[in-house]
Amino acid sequence: MNTTVSIHRFNVEEYHRLTESNILREDDRVELVEGWIVDMTPIGSKHAACVSRLNRILNMKLQTSAIVQVQNPVQLLDQSEPQPDMVVLKNRDDFYAERLPNADDILLVIEVADSSLEYDRETKLPLYAKANIPEVWLVNLIENIVEIYSSPSPEGYNVITKRRHNQTIVPKNFPDIKVVVSEIFGPPS
């Protein structure tokens with residue numbers, strides 16, 4: 001028996017219609033990546049604590065110079081709406097109530113990864129590079145390092161640096177701000 005299988009990839013508009021039609025619920029842990037609806041990995045306590053620390057650090061250091069969003073969707077290209085762990089956005093008076101942030105609004109993306117490390121590196125980072133996101137931090141909870149990706153191109157990020165324990169990170173779009181890696185990971189357990 002010869003059968004043809006049809007596979008459907010979604011664009012952002014179709015993805016939103018799935019939510020409007022209650023096929024997907026707003027609290028479903030999924031994201032749209034290059035047309036595919038992808039289940040997101042569960043968030044463990046170490047991951048959650050790291051995101052909370054980063055949220056506090058960035059909000060204290062940035063104050064009103066940018067908007068920090070936690071685990072909210074961003075629209076990239078026509079077939080992707082990922083939910084980064086954190087994103088630092090250009091200021092807008094409406095805090096993006098009228099539309100989701102897009103690549104032009106994004107100053108920094110931060111992904112915190114333990115079980116999702118391979119997925120973040122091999123799937124999400126190339127997506128961010130294609131969308132021309134200027135800088136991505138991959139907080140690697142397995143090795144306790146922060147991988148910093150910059151100089152995006154359609155083929156990926158051209159510059160990758162790693163920062164450890166007491167080393168400092170200076171965000172590309174905020175040269176007056178310094179974040180010490182040990183602040184991100186918190187006290188040793």
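Reader: How do the lining residues of the second largest pocket divide into nonpolar, polar and charged?

Author: Six are nonpolar, five polar and two charged. Ala, Val, Leu, Ile, Met, Phe, Trp, Tyr, Cys and Pro count as nonpolar, Asp, Glu, Lys and Arg as charged, and the others, Gly among them, as polar. This is a predicted model: local features need pLDDT of at least 70, side-chain atom pairs count only at pLDDT 80 or more, and totals for chains, interfaces and linings use all residues. Residues are numbered from 1 along each chain as its sequence is written, and side-chain values use heavy atoms, with hydrogens and water left out.

Reader: How much space lies in that second largest pocket?

Author: About 250 Å³. Asn144, Phe185, Gly186, Pro187 and Pro188 are the closest to its centre, out of 13 lining residues. A pocket here is an open set of points on a 1 Å grid over the protein atoms alone, where a 1.4 Å probe fits, with protein on both sides within 12 Å along at least five of seven lines; lining residues have an atom within 4 Å of a point. Points are joined across faces, edges and corners, and the volume is the space filled by probe spheres set on them.

Reader: Which helices each supply at least two residues of that lining?

Author: Helix H2 (45-62) and helix H4 (181-185). Helices (H or I, at least four residues) and strands (E, at least two) are DSSP runs, numbered from the N terminus.

Reader: And the largest pocket, what lies nearest its centre?

Author: Tyr15, Thr19, Glu26, Pro73 and Glu81, from a lining of 13 residues. The space is about 310 Å³. Helix H1 (residues 12-20) gives the most to this lining, four residues. The lining has five nonpolar, three polar and five charged residues.

Reader: Switching topic. How many salt bridges?

Author: Nine, counting a side-chain nitrogen of Lys or Arg within 4 Å of a carboxyl oxygen of Asp or Glu. Arg25, Asp27 and Asp28 form a network of them. Arg25 and Asp28 meet at 3.2 Å, N to O.

Reader: Is Arg25 buried or exposed?

Author: Exposed, at 52% relative accessible area. Buried means under 20%, exposed over 50%, partly exposed in between (1.4 Å probe, protein chains only).

Reader: What about Arg99, which residue does it pair with?

Author: Asp105, with the closest N and O atoms 2.7 Å apart. Arg99 is partly exposed at 32%, while Asp105 is buried at 7%.

Reader: Where do Lys124 and Glu111 lie?

Author: Their side chains form a salt bridge at 2.9 Å, N to O. Lys124 is in helix H3 (residues 117-130) and Glu111 in strand S5 (residues 106-113), so the pair ties together parts 13 residues apart in sequence. Both Lys124 and Glu111 are buried.
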